[in-house]
Amino acid sequence: MAAAAAGPEWVVREDAGPPVLVALYLRQVLGIRFPQELPQLRGAPPTSATSEYDDTATLERQWRAYWDMTVEPQANHSPVPLDLVDGFDMLVALPVEGFTQLQAAIAPHGADALAFARAAHERYRAGLGTGASYRAYASAIAQHERTVGRRAHSFELNVQVLPFTQRGVWWIGALTIAVTDGLRGDIAAFDAAIGPVIADIA
């Protein structure tokens with residue numbers, strides 16, 4: 001969704017991206033705490049495997065790099081080619097070097113991670129992935145313009161709508177926020193929550 005071509009332009013892309021959902025599912029089952037502020041996912045199993053990995057620091061470092069490449073691939077290029085990981089369809093690609101530990105750790109979780117991500121994505125599409133998305137952001141931008149007395153600056157914003165256990169909005173990339181699905185579905189609460197984000201970038 002984007003503003004009219006005349007004057008400043010804004011672009012908002014909203015999704016419940018299956019690659020992001022898979023990455024967060026793997027974060028949860030592997031017991032990775034980064035990003036510290038992000039809550040757990042509803043309906044995903046709790047950590048099951050922490051005792052299996054002696055070097056959790058290496059595992060977390062590899063997951064963090066994979067997370068950055070998943071959330072904002074254009075801004076986080078791998079210095080080596082990527083290869084799709086077996087069992088994850090087209091949703092997980094890791095650099096061909098330096099990710100052996102993460103690849104081994106996630107291997108048993110492919111089928112469950114895919115099922116979780118696809119179900120969450122379908123729920124988003126059925127409930128929120130409609131034209132109403134545009135109105136929510138247009139309203140927040142119009143409110144911001146009235147408050148500051150000028151047109152909004154051009155900006156780009158990616159929004160991932162995710163089934164977290166806590167309601168809120170979190171920055172997960174330079175141009176990307178995560179918002180809880182329950183909050184996104186509450187028009188008044190979402191307007192209040194997205195306002196500061198728009199004010200920050202517009």
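The model is predicted: local features need pLDDT of at least 70, side-chain atom pairs count only at pLDDT 80 or more, and totals for chains, interfaces and linings use all residues. Residues are numbered from 1 along each chain as its sequence is written, and side-chain values use heavy atoms, leaving out hydrogens and water.

Strand β1 covers residues 10-15. Its covered face holds Trp10, Val12 and Glu14. Val11, Arg13 and Asp15 form the uncovered face. β1 runs parallel to β4 (residues 155-162), joined by six bridges. Strands pair if DSSP finds at least two bridges between them. Strands (E, at least two residues) and helices (H or I, at least four) are DSSP runs, numbered from the N terminus.

Gln160 is buried, with a relative accessible area of 12%. Buried means under 20% relative accessible area, exposed over 50%, and partly exposed in between (1.4 Å probe, protein chains only). Contacts of Gln160 (heavy atoms within 4.5 Å) include Asp15, Ala16, Gly17, Val20 and Ile172. A polar atom of the Gln160 side chain lies 2.7 Å from the backbone nitrogen of Gly17. Gln160 and Glu14 are 146 residues apart in sequence, yet 6.0 Å apart in space, C-alpha to C-alpha.

Helix α1 spans residues 18-30. The expected span is 1.5 Å times one less than the number of residues. For its 13 residues this gives 18 Å, and the end C-alpha atoms are 18 Å apart, which agrees. In α1, 12 of the 13 residues are buried, so the helix is largely enclosed by the rest of the structure. Its cover includes α2 (56-71), α3 (100-106), α4 (110-127) and β4. Just after α1, Gly31 takes a positive phi of about 75°.

How values were computed:
A polar contact is a pair of N or O atoms within 3.5 Å; within protein, one must be able to donate a hydrogen and the other to accept it, and residues adjacent in sequence count only if both atoms are side-chain atoms. Lists of a residue's contacts leave out its neighbours within four places in sequence.
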